[in-house]
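This briefing walks through the strand pairing and helix packing of one protein model. Please have the sequence and the coordinates open while reading.

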Amino acid sequence: HAARRATRPRRAARAPLEDARGRTLHPCAQAMGGSWSDEDIRRYADLFDCVIVGGSADRARVARFHQLHPGIVVLAYTGEFDVYNSSGLWTWIHAQHDDWFLRDAGGGHVRTYRTPNRYALDPGNAGVRAFFADSAARRIAELGCDGVWEDNVFPDWNYRSFAMGAKLARYASPTAWREALEGYLARLERSVAPHHLAVNQVKPWTGHGDIVVIEDLPAGEGWEDMVEGLARVNEQPGRTTMLLESLDNAQDPKRAFIAASYLLAAKPGAYLGFHWSGGRSGVGRVPEYDLELGRPAGAMSHADGVWWRDWDRARIAVNPGAEPRPAPGGGTLPPHSAGIAWRTSDHPALPDWVDLGARQ
């Protein structure tokens, strides 16, 4: 590892995109897998300020993104936490570093996601940490990209049946598991610095990573905790958030609720990505990508079941509950709805948002 680190090329970190287009949020997308035409790359470069590229990406593709959209942030997908037994990496680990595998209380290998073919790895193992941190840094150098997007940093090893309910030999509690993950992320962060580390997880719980990623913001139970957690990250200097949300289609009415909920917590320049079925054609522009709200006037507030936050150009209001509620300043918000009260006459139309009228 030390020899590789000494010889691999290092490139200067690309600074986060400064709100050059005046937008409140930076649209982002996963651009994973397969062959890519120049038309595909042009489309994504035109739509998004950040893309996450998969294992098929090469240096030429990343360079093309940068050429077409100067300032775009290109992150390489990485993931340490499990490995398929059909891969050469699994064969090498099994033969040379069998201690890298996560073990259950009986000493057996832990399989992941209810399949016998994926083996969990132990984030507390020093060898695992060193190898994958080095691999991430080399991936950045090879692609010329701006950082990595580390997947599946779950705060509980049984989330989404990752460890299938296993009792682990080394980690008796989620707290112990998180401590191991924090050590892994600290090692990864040092290795990829000064480039971006985006950490994909289910709760904004870790102190590592300059971009904290959430896939899907809950509309019911857990909504308040998630919004408050995202706000805590965005209050920290040098850190921001990324929300990747799946929709039924571009006209999905929950889009407004999700975007408004995120704006309660996000700061200018945070990342937002909506996607729906259709592969590479299943992406497109939505009105929330082009919002220009200026700066937030303060933190979010809430009363009588409604949450709101003031920005330079508008007040954003959200009713996350199951009953209609009066909006602050006038009007009524239906259940699970978003409202906006503009301060200016020049603003975009926002389908599925409740217009709460002008606000001084």
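What is the bridge partner of Q30 in strand 2? The partner is I52, and this pair belongs to the 4 bridges that join strand 1 (residues 26–31) to strand 2 (residues 50–53) in the parallel sense. The model is a predicted one, in which local features need pLDDT of at least 70, side-chain atom pairs count only at pLDDT 80 or more, and totals for chains, interfaces and linings use all residues. Residues are numbered from 1 along each chain as its sequence is written, and side-chain values use heavy atoms, with hydrogens and water left out.

- Two strands are taken to pair if DSSP finds at least two bridges between them, while the numbered elements are DSSP runs counted from the N terminus, with helices being H or I of at least four residues and strands being E of at least two.

**Helix 7 and helix 8**
- The axes of helix 7 (residues 223–234) and helix 8 come within 7 Å and cross at roughly 45°, and the two helices are therefore oblique to each other (angles under 35 degrees count as roughly parallel, over 145 as roughly antiparallel, 65 to 115 as roughly perpendicular and the rest as oblique).
- In this contact (heavy atoms within 4.5 Å), W223, V227, L230, A231 and N234 of helix 7 meet F257, S261, Y262, L264 and A265 of helix 8.
- The residues of the contact of helix 7 with helix 8 comprise 8 nonpolar, 2 polar and no charged, where Ala, Val, Leu, Ile, Met, Phe, Trp, Tyr, Cys and Pro count as nonpolar, Asp, Glu, Lys and Arg as charged, and the others, Gly among them, as polar.

- I41, Y44, A45 and L47 of helix 2 (residues 38–47) are buried (under 20% relative accessible area, with exposed meaning over 50% and partly exposed in between, for a 1.4 Å probe and protein chains only), and their cover includes strand 1, strand 2 and helix 3 (59–68).
- The axes of helix 2 and helix 3 come within 9 Å and cross at roughly 45°, which makes helix 2 oblique to helix 3.
- On the helix 2 side D38, I41, R42, Y44 and A45 take part, and they meet R61, R64, F65 and L68 in helix 3; by class, the contact of helix 2 with helix 3 has 5 nonpolar, no polar and 4 charged residues.

- An open sheet of 5 strands has the order 11-12-13-16-17 with mixed pairing, and its edge strands, each pairing on one side only, are strand 11 (301–303) and strand 17 (353–355).
- Strand 12 (residues 306–310) pairs with strand 13 in the antiparallel sense over 4 bridges, and the two form a hairpin with 3 residues between them.
- V318 in strand 13 stands opposite W307 and has A338 in strand 16 as a bridge partner.
- All 6 of the 6 residues of strand 13 (residues 314–319) are buried, so the strand is largely enclosed by the rest of the structure.

How values were computed
Axes are lines fitted to C-alpha atoms, for helices over the stretch in contact, and angles run from 0 to 180 degrees between N-to-C directions.
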